[in-house]
Amino acid sequence: MNPSLLTAPPSSRPCPLVSFPPFGLTPNSLPRRRRYRVSFPRNSISTDDQSPMSTSSTETTATTPTAPDIFGGPKELTGIQPVVEKLSPPLRVATSVVILAGALAAGYGIGLRLGGNRNAALGGAAILGAAGAAAAYAVNAAVPEVAAVSLHNYVAGCDGPEAVRKEDIENIAQKYGVSKQDDAFNLELCDLYSLFASSVLPSGSEDLRGDEVETIISFKNALGIDDPDAASMHMEIGRRIFRQRLETGDRDGDLEQRRAFQKLIYVSTLVFGDASNFLLPWKRVFKVTDAQVEIAIRDNAKQLYASKLSSVGRDVDVKLLVSLREAQLKYKLSDELAKDLLMEHKRKLVEENISVALNILKSRTRTVGGVKQAVEELDKILAFNDLLTSLSNHPDADHFARGVGPVSLVGGEYDSDRKMDDLKLLYRAYVTDSLSGGRMEKNKLTALSQLRNILGLGNKEAEAIILDVTSKVYQKRLSEVFQSGDLEMADSKAAFLQNLCEELHFDPQKASEIHEEIYRKKLQQCVADGELDEKDVAALLKVRVMLCIPQQTVDAAHSDICGSLFEKAVKDAIAAGVDGYDADVRKAVRKAAHGLRLTREAAMSIASKAVRKIFLNYVKRSRSAENRTESAKDLKKMIAFNTLVVTELVADIKGESSDTPTEEPVKEDVEKLYEDDEWESLQTLRKIRPNKELTAKMGKPGQTEITLKDDLSERDRMDLYKTYLLYCLTGEVTRIPFGAQITTKKDDSEYVFLNQLGGILGLTAKETVEVHRSLAEQAFRQQAEVILADGQLTKARVEQLNELQKNVGLPGPYAQKVIKSITTTKMAAAIETAIGQGRLNIKQIRELKEAGVDLDNMISESLRENLFKKTVDEIFSSGTGEFDEEEVYEKIPTDLKVNSQKAKGVVHDLARTRLSNSLIQAVSLLRQRNRQGVVSSLNDMLACDKAVPSETLSWEVPEELADIFGIYAKSNPAPEKLSRLQYLLGISDSVAAAVKEMGDGVLSAGAEEEKFGCDASVLLDDDDSSNFTGEKSAGPNANSLRGFEVIDAIKTQVESICPGVVSCADILAVTARDSVVALGGPSWTVQLGRRDSTTASFSNANTDLASPLMNLDELISLFSNKGFTAKEMVALSGAHTTGQARCLLFRNRIYNETNIDSAFAKSVQSNCPSAGGGDNLSALDVTSPVVFDNAYFKNLVNNKGLLHSDQQLFNGGSVDSQVTTYSNNPITFYADFGDAMVKMGNLSPLTGTNGEIRTNCRKVN
Ligand code: HEM
C-alpha cells in the first residue's frame, strides 16, 4: 500500500450535515466535536478496548446491554428528557401552551400582588411569561435527543441488528415528531450505522466471510440512513484505522491495519455500488492510488471467491456453477482471475487424487488391491475431467463459472521435472491396469490419451511406457498361447499373431523384434553347451515357424551368436600358438566349426578376421625391426605361424584332413609363367618353384586362403616380399664389433618360405615375378653403370655385360633395355658437351644420325637451335658467297629437328646483321691491303643478300666502294655475282667499266702495303737534326703519353744482360701486360720476337688513333680498320679502369653533356674549371683509379664515364649489352681483355729481317 495512505492526515469532513436541526438551528451551531462521537463496537476493527474511541456516545451512560454489545446497551434519559419522553407531540404543544399561559397568569398575579397595580401585574406577567416561554422551549428542544435515545435503545434492544425494522424507526421519528434530518436523531443513526458496519467488518487478520456487504446493506436500509451519511461513516472508519496505525506503529499492527483498510475499501465499494466512486473519496482523503483501490478490490474478491470455491468438490453441477458465476459477479472478480482460481481449485482436487494414488503405489506394502485403488483414484480424476469437459459444452455454459473444462496439472506441484517419474509411474500403473484383461479396450485408449494430457506427459514418453507395458503383456500372452497350444493349432500363425497385436494395439514391427529376441534367447540356450544337436535344431525350427521369423533374421542370429562362439574357439586356437595346436585344440575347433552349424563361408570369414589380425602384428613387428635380417625373421615367424596354426585351422574348419596338402592356388598361374622361357633365367624365381624334394623336406605347404591382400596395399605387400627375397639372396647378416659383419648363406629352403610368404601376402604370380625381376634389374643396373661409366659400348664390355646378365639372371630384353638407357644417358651428356665446345658440327651430326643414334632425344631443343644458328653463321662467313636455300631452310632444320619457321627467323636475323658487317669488314681489309680478305668479305655479303635480298648500300667514301668492287672484279667471280655486287655497292656501269679497265692499276699505289703495328715506333723521339718527326708529337699523343723513362730503364737493364736481342716492341708489350697484372688485373701470354721499326708515322698517329670526342660508330669503325671487332674495342677500352686524363679533354662533357651523373660531374668539376686548368688530371675510373678491375664498366652503367668517348660505349647503342656483361662479370672482361691485348700486340709485327733491335728505344740504331 502506498505509504501516503499511512501518513496522510484524515480529512476533517464531518458526519454529513444533510439535515438541518429543528428550531432553525444552523449547522454552525452544531457542536463540532460530534463528528468524533461515532462509536465502534468492542468486537469490531477496534483492537484497543480502552480506546476512548471505542466507547459509545460520551453523553450516554452505559447500562447493562440488552442486545448484542455492538451498540453499547440502552441509554437513559436525563433532565426533562423523561418528561418529554412521555409527551406525545400534541400534548407537548399543549403543555408548552399551558406552561406559557400559566407563567403569564402567575406573573400577572404576582406582579399585581407585589406591585399592587396593573403595571406591576403586567410586569410580573412579562417576567414569568418569559420564564414560561423558556421552559416551553426547553421541553421542545429536548425532543430530538429523546428521540435519539429512544432510537438507540430500540436498536440496542432488538434481538440482533437483523431484527431492526424500518417501520419501527419511522414510528420513533413520528412519535417524537422528528425527521431523520434532525441533528441528534441523524447523529444517532450515523452512530448506529457506524457501530454496526465496524462490527461487521472482520478484524485485520480475519478474512471476509462474504455476507458482509449484504448485512451492511440490509442494516442500512433498515435504519433508513441516507447513502451519503452512511458513506461518510465508511470514510470515518477509515480514519479511525489510520489513527490506530499511528498509535500502534509496530509492524504486525501495520500489516493488520492495512488489511483492515483494504477490506473496508472493498466492502464499501460493494455496498455503494456504482455510487461508490463519488461517495467514497479514498483517493482524495487517504491519498491512495486507483491501482491500490483496484488491488484492494481484487485481493478481497479473490479471497472471497476462493473461500467460496473451497467448498466445491468433484460433484459439480449446473446449479453450483451458476451460483459460482453469480458470486464472482457479486464479488466483482474479473473473469480471468475467476478462471485461474477455478483451474487451480480443480488442479488441487486432482492433485489430491494423485497424491493418494502415489502414496499407494510407492508404499512398501503395496498389494495388487493397492494398485487397483490407485487406478481408482486416477479414474476419479478422469471422471472429474469428463464431467468438466462435458459441462464446458453445456448450452448454458455462458452462465457458468469461468474455467470449466478439462483439468491439467500444469502450474501445480506436479508440474516439474522432479515429479515426472512419479507421473510416469502413475501412467504405467494405468496402462498396466488397462491391459490386465489381456487386451486393450478402445475406451481405455481414450482414457489413456486423456490421462496423458492431464498429467502433461509428452507423446514420446507416454508411448514408451505403453510400448514397454504392452511388450511385456504381449510376451506373456505369447507364452500363454504357446503353452496352451492355441498358437500351434492356429491354421495361420501369422494371422493369429496379427490378431494378438490388434487386441493389444501393439505394433507388429515391435512384435517381430520380440520374436527375434525370443529366438535369440532360445538359440543362446541351445548353444550353451557349445554345439547345436538335432533336438536343438528342431526346437529352434519350431520357434521360428510359430513366430513366423524370417529366415534372414534367423541366419543373422546364428552367425551372430554362433559366430562369436566360434570366434572364441578360433581365438583360443590361435592363442595356443605354434606349439600348442594339439589334438584338444583341434577337437575344439572342429566341434565349434561343425557343431555350431555355421556355413563354411561364415566360419572362414570369422577365422580370417582373427588370423589376419595376428598376421598384421607380425608385419608391424617386422617393419619396426632394426635391420633386414630382423625384419625377415619376424616374417619367418609369420610363415611358421601360418604353416603350423593357420593351415591346421583352415583344414579343421573345412573338415579336411590336415595331411592332404592344400591345393597350390597360384600353381597354374605360376606354371604358365615358368613355362615362359623368359623367366626361366630368373634364378630366384626358379627357386621358389615347388620342388618335390624340398617340399618333402619342408613338410606341407601353408594355406593361402587367408591373405593380407585386402589389408595392405600392393606396394606394401611387394616390399615385404622383397625384404624376404633379399634375405634369401644375401643370407643372414650378423654385425660384429668394429663395424664388420658376417654373412651366413642360406640354403634354398628359404625360397620355399618365400613362396609361402607370397601366398600369405596374397601376391599374384605376376606381382611375384615383378619383385624378382625388379630386384635382378636393380642388381644388373648397378654393375652395368660401373662397366659403362663412359658410355662407350665396346666388344669387351658387351661380353662383360653378358656375363653379368647371366649371373643376375635378368632376362635378355630387360638387360638390353638397361644397357641402352645407360649408354643413351651417357652419350647424350657427351654430345651436349661436344656441341657446347664446338667440336660437333652439322656434318658430324648427320653422320651420327646415319649411324642410328637417336639425337633428337639426346640433345636439348635449345642446344639444337644454337647449333643451327652456328651452322648458318658459318655459311655466312665461309667466304664462298654460296647460299643453298634448300639446305639451309629445309635439310639442316630437318636434321636438327628445328622448327622450320624458327629456322627461317634465325637465318633472316643473321643475314641482316651479317650483310652490313661484311661490307665494313671488306673496307677494313681494303685499308689493310688484304685483297683476299676483301673478296671473302664481299662473298659473305652476297651470301647474306641471297638469303635476304638487300637494297643498295651506302658508304661515306664511295671511292673505297669502287676499290673493293675492283678487287672483287679481278677475282674471277661468276658474272651474276659481280653484277649483284655492283647493284649492292651502288656502282654505276660507267664506274664499273672504268674500274674493270683500270685493272690492277687501281691498287698499284698500295702494292707496297704499308703496315703499321706493334713495332715501338711510338717510342722514337723527334729528331730535329735529321728532320725526323715521330709520333710523340702527333695530336693524340702530345702532352699525353708518358712513362718513356720506365721503358728506357728496362731497356738499359735488358741490354746490359742480353744486348741486341730484346726489342723495344717486345718490352712495350710485356710491360703493358705486367702493369695490368701489378694493378690486380688479368694476365695473358705475350708472343715475343717483334722487331723495332726504323721509322714512324706522324700522320698515321694523327689519323688512326681514337679521339676522346668520337661517337660510337666512329670508334667501331676506327678499331675495325685495325681488324678489331666492336666487342674487342669495348674490352680494350676497359684499360681506362686505371690512369688519368686532362681536364681539357673532358671539360665539355662535364659541363655540357646530359648523359652524365650530376653528382659525378660536380665532383670532377672541382678540379676542372670551365676555363683554364686544362692540364689538371682526373682519374678515368672514379671509383678505383689504381686497381685493374671492371669498375670502369660499372661507372659507365651509372653514367660516370669521364670521357665523351667512354660514355659512348653505354649510351643506348649496340654495345650497351657488352658493357653490362662486363660490369656484372669481371672474369669475362679479363678473358676478353687478355685476348684483345694479344691481338693488339700481334698487329703487323716486324719479323725476320724487317726492322731492327734498337739499342736505344728512343732512336733508330
Ligand atoms: C677507345 C678509344 C680510346 C680513346 C678515345 C682513348 C682516349 C684516352 C684519353 C683522351 C686519355 C687521356 C689522355 C690525356 O689526358 O692526356 C687516355 C688515357 C689512357 N688511355 Fe686511352 N683511349 C682509348 C683506348 C685506349 C686503349 C685501347 C688503351 C689500352 C689498351 C688505353 C689506355 C689508356 C691509358 C692507360 C691511359 C692513361 C694514361 C695515363 O694515365 O697517363 N686507351 N685515353
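User: Helices here are DSSP runs of H or I with at least four residues, strands are runs of E with at least two, and both are numbered from the N terminus. On that basis, where is Thr1137?

Analyst: This is a predicted model. In it, Thr1137 sits in the loop between α50 and β3.

User: Is Thr1137 buried or exposed?

Analyst: Thr1137 is buried, because its relative accessibility is 0% and the cut-off for buried is under 20%.

User: What does Thr1137 touch?

Analyst: Leaving out residues up to four places away in sequence, its contacts include Asp1181, Ser1184, Phe1188, Asp1189 and Tyr1192.

User: Which residues does UniProt list as "binding site"?

Analyst: The UniProt record, an unreviewed entry, gives that feature to Thr1137, Asp1181 and Asp1189. They are spread over 53 residues of sequence but cluster in space, with a largest C-alpha distance of 9.7 Å.

User: Where does Asp1181 lie?

Analyst: Asp1181 is in the loop between β4 (1177–1179) and α53 (1191–1197). Asp1181 is buried because its relative accessible area is 0%, under the 20% limit.

User: And which side chain does the side chain of Asp1181 make a polar contact with?

Analyst: That of Thr1183, at 2.8 Å.

User: His1136, then. What does it do at the iron atom of the ligand?

Analyst: His1136 is the single protein donor to the iron, through NE2 at 2.2 Å. A polar side-chain atom of His1136 is also 2.9 Å from a nitrogen atom of the ligand. His1136 is in the loop between α50 and β3.

User: How many residues surround the ligand?

Analyst: There are 21, and the closest are Ser1040, Arg1042, His1136, Gln1140 and Arg1142.

User: What do Ser1040 and Gln1140 contribute?

Analyst: Ser1040 has a side-chain N or O atom 2.6 Å from an oxygen atom of the ligand. Gln1140 uses the backbone instead: one of its backbone N or O atoms is 2.8 Å from a ligand oxygen.

User: Which element supplies the largest share of the shell?

Analyst: β3, with three residues. The elements that each give at least two are α49 (1112–1121), α50 (1126–1133), β3 (1140–1142) and α56 (1226–1241).

User: What is the make-up of that shell by class?

Analyst: It has 12 nonpolar, seven polar and two charged residues.

Definitions and conventions. Residues numbered from 1 in each chain as written. Predicted model: local features only at pLDDT ≥ 70, side-chain atom pairs only at ≥ 80, totals over all residues. Heavy atoms only, no water. Near = heavy atom within 4 Å. Polar contact = N/O pair within 3.5 Å; in protein donor to acceptor, adjacent residues only side chain to side chain. Nonpolar A, V, L, I, M, F, W, Y, C, P; charged D, E, K, R; others polar. Donors = N, O, S within 2.8 Å, 3.2 Å for Na, K, Ca; no water. UniProt positions renumbered as here; feature names shortened; annotations may be inferred. Buried < 20%, exposed > 50% of the residue type's maximum accessible area, 1.4 Å probe, protein only. Contact = heavy atoms within 4.5 Å.
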